[in-house]
Every structure is written in C-alpha cells, then in structure tokens.
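Hi,

Here is the structure I promised to pass along. Please open it next to this email, and I'll walk you through what turned up.

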Amino acid sequence: MASIRQNDYPDAVPDFRNLGVIARVLVGVNLLALAAALYSASSWPQVIEQFIAAAAYLEPLLLGGVVLLYAFAPLLARLAYWPGCAAVLGLVLLLAAVSHLWWLGAAGVLRTLVLAALVVTVLLGYLRLLAKAYSPALAEARLQALQARIRPHFLFNSLNAVLALIRRDPKRAERTLEDLADLFRTLMSDGRQFVRLADEIALLERYASIEQLRLGERLRVVWELDGAPPDALLPPLLLQPLLENAIYHGVEPGTDAGEVLVRIEQRGQRVLARVENPYYPEYQHRAGNRMAQANIRERLQLFFDAEASLETGVRNGRYVVQIELPYRSRGARRA
Amino acid sequence: MSELAVFIADDEAPARGRLRELLDDIAQEIPTRVVGEARNGLEAVERLPASGAQVLLLDIQMPGMGGIEVARHLARLPQPPAVVFVTAHDRHAVEAFELNALDYLLKPVRAERLAVALRKAMAAGPTAAEPLARAAGQAREYLSAAERNRILLVPLRDVLFFKAELKYVTLRTREHEHLIEESLVALEREFADKFVRIHRNCLVAKSAIRGFERAADEDDEPRWLVVLDGLDEKLPISRRQWPTLRDLMAEK
C-alpha cells in the first residue's frame, strides 16, 4: 500500500501495477456481475446463463480497463487522491464509451456508462477501505511492532565479547563497538523507510563480523553477492533476522564448525535472497524461529502485498530460507 | 587462604577470556586458580571430574549439552563442584534458578558480583542434584553413572530399557549394561514421552519395541513378551500393562 511510506498518510490512488490491486479489481468486478445475475435470474441455470452473457460483454472491457490503468499508473500516482479518482473514472468511462460505440452502436450507451461509473466507484471505495485497514495508525503500529528485533542474547553476549577484547585487542574492540552502533542505529530507525540493498548488505557484514568475534572458527559465512543489485529497495532489517536465525539455530547448537551461505541475486524484475545453514532438527525447540519468519512474512505483505514471498525448507540436510521481492529502485516511481 | 580451583565452561572464547581476566582482577581478594576449561557441555562433563575443580563457572547455552544438564550429571560425582551458572539472557532459566536457590551471574559479568558468587559458593559447598533437577524444566538427553574420577554418559536414544533390581536400576543398550542410581518412578516421569512401563520393574523405549510374542499360557490367560530391536532378550509384560501396550502399538 502506497500510503505507508508517507508521513501524514493522505489517501493515495491505488497502485494499478500492484498484483494485489489488479487481482482485487478482477475478482471484484466478476463478483458484482455474479450478484447482478443472481438478482435478475429466476432459476439456477438462468443465473449461469446470465452470468456468461454478462461476462462476454464485461470481460473485454474489464481487461481493457486493467491494461489502461496499468499503463497510466505512473501518471495517476502523481495526482492527489480525489483528482486521481476522477482521472480513473474518466479513463474507464472513456474506454466504456468507445468500446460500446464501437461494438454496439449508440443505443444503450448511457446505461453502460452509468454501470461502469457505479462499478468504478464501488471498487475505489473498497480499495480505499482496504488501504485504510492496512494503513495509517494501524499499519504504523503493526510495522513498529513487527520491526525486527535483535535477540537480547546476542546483545549481551556481544557486549561481553567486547569487554573481553578491550585489554587484549583495543583496536578490534573499537571496531566491534562501531559495528554494534551501526546495527542499533538501523534497528532504531524508521521501519517504514525503504533502504538500499547495498546498505542492508553492509549491515549484514557488520552483524556477521560481531558474530565471528563471538564464535570464532565455529562460524564460516560464505557470501555470494555478485548478482545483488545494490540499488534495489527493501524494508530495513529484512535480511538480518534471517542471518541471525541461521547462526542461532544452525551454528550455535553445533560443536563443530558450521557454514552459513548468503546469496542475493537479481533475476529479471525480481530480487532473490537466500540463506542456508546446517540443520539440527533436535534443536528446533529453540524458540523464536517461526516468530521471526512470521514477522518478516507480515512485513513483506504490508510492503509488497502479494508480490513478495518467503519460503523455507530443508534440502540436503541444510535449512534454506528464500525471500523473493519485486526489484524496485530509487529511480522508479514507487521509491 | 589456599587457592580456589575454578573450572570455566563457555562455548565462546571471548567469554572464557573475560572470566579469566576478572578472576585475575579479584585475585587479591579471592585467590583462584583456573584448573580447566571446556568449550561445550560434553567437554565439561568429560574434563571437570579429573580437574579437581571446587567451583564451576558454567554457561547455560552451550552446544552439545546445555549447562543445566551438565550440572545435573556432575552432581553425581563423589565430590561435586559448587556450580555458578552464567547466562546472557535466559529469563526462564533465571526464574528457575531463583526458585531453587541456585546461584547465577548475568553476562557481562562484573568483578564484584563474581567475587560475591565465589564466596557464596565456598560457603555453601557442592551444588546438590535435587534443586538442579527441579530447575531443569526438561528431560535430560543423557543418563549418567559416576565412576571414581569420571562420569559415564549414555545417550538416552541408545537406551532400550530400564529394569529395577533391588537397590539399583539397570540400563540396557544394544551393547552394554550399566547400573544407575535413579528410581524407576522418577525415570518414568522424566521420560514419559519416550518410555513405557511394561511391568512393575521395567520401562521400555517405545521406539525399540518391534512387537509382541505370546508366551506359555498361565492359568488359561495368555502371557505376552516384548520383542526388542537388536536384542535377543525378551521382556515379560504384566497383565496390568498389557492393554496399554496393545493400544500403544495399534497407534503406531
């Protein structure tokens, strides 16, 4: 939902390039057609017949409308809410009028226009309610509650490790405190602002270097970042909890060295981030894993709706988490 | 005053280093000597008995075996150490320690707190098994038998059955038999999800049961035996336990 990232949360024109919005428009219009068929028909076979008849007339217009709004989405997004809605209505009405005149001639064009206007109004109203449900105070509260939290276990153990370094290796102690400061600055920053992937990666590396200090040779992190688009935008601290989980569940319970793989790459218009770690089924009771994942999943949904996903699984004795998000950069409109 | 023998068990090298530094810092007040270190729970159980440690500084969260279980096994030694737990953040453990009057330190550890804990440990002496068992909150993953200078650990998953005989309980694995000083009732309670009672004097690992065999009838009533995976010995089932076992296998 677009309004999440604006400070005073004005209503915003729906993003017609968002998969969730498109799906809702398609389903919504067909549901309205079904309701109309149910209302006017007198028997079940007739309902189907009427719905199919309506669909034949409706679907081309509906798809045309979706394509049109998709094309105009960047322009619409620049408008304020009410002018934007008027523009959406205008575009749809224009399309309805042109297609009606083209295929059916002048007769009944007014009826089509009124119907189209009603459908557009109902859908815009629905999308606005939906945005409100996710958006202002509620979404903010949820995002703040959801913002990744570093385990206290990590904080206190890290401070302890720094204390141990101060006398023996003051330089490294300094560096570690700087890393901790960066980590906490991000942690306490505004969770609603997107960050660049390059910054999130830098954070991952700082986090890993602190863990390295604590765990020494027990931890080996393999980075595969050559394919990572540095300018991709993502919510802050989206990946760090994955690395934290990987170390907490995959390296700390083992007496031997454990290898964690972090691979981030771009595939077309998608960004894929994958974290792998050794799997210890007997230590799955260590709390917090599922919570962190549910948390990330919900943040992905708040930021990207249906366009992002998080998947987990065990492959070849290794636990794998993969996040997929749409590639967006500062240059694009929704930055 | 003679030096206090201290053993340090923590999986993080910097944390062990820090404790050594702090012990140095308070050496004027409490002279100590570090007699051994361990990087995980199993190592602690293996190395501490021969080290002659009087006090064990023991991290709770360690790979291999957690600190609380380590302490439970070490409590079986003829001269168990006084245990001071060390934890970064584990609310449940801390609550359990408070409840059972076990001493603990929070990381990062302060020198003054460490001195207090060592003095308390010297005064109180060895940590007993009972409060540790109460504080554990979960079943052990190993069973242990103390020999003179050594603790013998048997992974729970290797145990086929426990059998009570007079004063002792015998523990049977595929290859060995050990005597342990525990009561069958307590074992049954602790491992209720993995073991089932087949007779007044016997608990069997559910996963080891291959099937049942009918033995000679007695008073016209059939008697049954448990057949175990990888063991020739068959164990009699009491009349009272038979329905429970039959249902259990039916579920499998």
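The second largest cavity is lined by 14 residues, and those nearest its centre are His153(A), Asn157(A), Asp59(B), Gln61(B) and Ala88(B). Please keep in mind that this is a predicted model. The cavity holds about 80 Å³ of space. Its lining has seven charged residues, five polar and two nonpolar. In total, the structure holds 10 cavities of 30 Å³ or more.

The second largest pocket has a quite separate list of residues to look up. About 860 Å³ of space lies in this pocket. Its lining counts 35 residues, and Val29(A), Leu58(A), Leu115(A), Ala116(A) and Val119(A) are the ones nearest the centre. By class, 28 of the lining residues are nonpolar, six are polar and one is charged. Which helices supply at least two residues each to this lining? In chain A, they are H1 (19–40), H2, H3 and H4 (109–134). H2(A) gives the largest share, with 10 residues.

Two of those helices also pack against each other. Two packed helices are described by the angle between their axes and the distance between the axes. For H2 (residues 44–78) and H3 (residues 81–104) of chain A, the angle is about 145° and the axes are 10 Å apart. The crossing of H2(A) and H3(A) is right-handed. On the H2(A) side, the contact involves Tyr57(A), Leu61(A), Gly64(A), Gly65(A), Leu68(A), Leu69(A), Phe72(A) and Leu76(A). The residues they meet in H3(A) include Gly84(A), Ala87(A), Val88(A), Leu91(A), Val92(A) and Leu95(A). Of the residues in this contact, 13 are nonpolar, five are polar and none is charged.

Chain A has 10 helices and seven strands, and 47% of its 335 residues are buried. Among its contacts between residues at least 6 apart in sequence, 75% join residues at least 24 apart. Chain B has eight helices and 15 strands, and 52% of its 252 residues count as buried. For chain B, residues 24 or more positions apart account for 57% of the contacts with a separation of 6 or more. The C-alpha trace of chain B spans about 80 × 35 × 30 Å along its principal axes.

His73(B) sits in helix H3 (residues 67–74) of chain B. His73(B) counts as buried because its relative accessible area is 0%. Beyond its sequence neighbours up to four places away, His73(B) touches Met65(B), Arg140(B), Tyr142(B), Leu143(B), Ser144(B), Ile151(B) and Leu153(B).

Thr32(B) belongs to strand S2 (residues 32–38) of chain B. Is Thr32(B) buried or exposed? With a relative accessible area of 16%, Thr32(B) is buried, since buried means under 20%. Leaving aside neighbours within four places in sequence, Thr32(B) is in contact with Glu3(B), Leu4(B), Val6(B), Leu23(B) and Leu118(B). Thr32(B) and Arg239(B) are 207 residues apart in sequence, and their C-alpha atoms are 59 Å apart in space.

Asp103(B) is in the loop between helix H4 (91–99) and strand S5 (104–106) of chain B. Asp103(B) also counts as buried, at 16% relative accessibility. Apart from residues up to four places away in sequence, Asp103(B) touches Val83(B), Val84(B), Phe85(B), Arg113(B), Ala117(B) and Lys120(B).

Last, a few backbone details. Most residues other than glycine have a negative phi, and most peptide bonds are trans. Ala101(B), in the loop between H4 and S5 of chain B, has a positive phi near 55°. Ala101(B) is exposed, with a relative accessible area of 70%. In chain A, Asn316(A) has a positive phi near 50°. Asn316(A) lies in the loop between strand S6 (309–315) and strand S7 (318–326) of chain A, and is exposed at 80% relative accessible area. Finally, which form does the peptide bond from Lys107(B) to Pro108(B) take, cis or trans? That bond is cis, with omega near -5°. Pro108(B) is in the loop between S5 and helix H5 (111–124) of chain B.

Technical notes. Residues numbered from 1 in each chain as written. Chains lettered and ligands numbered in written order. Predicted model: local features only at pLDDT ≥ 70, side-chain atom pairs only at ≥ 80, totals over all residues. Heavy atoms only, no water. Axes fitted to C-alpha atoms, helices over the stretch in contact; angles between N-to-C directions. Helix = DSSP H or I, 4+ residues; strand = E, 2+ residues; numbered from the N terminus. Left-handed = near helix turned anticlockwise from the far one by under 90°. Contact = heavy atoms within 4.5 Å. Nonpolar A, V, L, I, M, F, W, Y, C, P; charged D, E, K, R; others polar. 1 Å grid on protein atoms, 1.4 Å probe; cavity = no way out; pocket = protein on both sides within 12 Å on 5 of 7 lines; lining within 4 Å. Points joined across faces, edges and corners; volume = space filled by probe spheres on them. Buried < 20%, exposed > 50% of the residue type's maximum accessible area, 1.4 Å probe, protein only.
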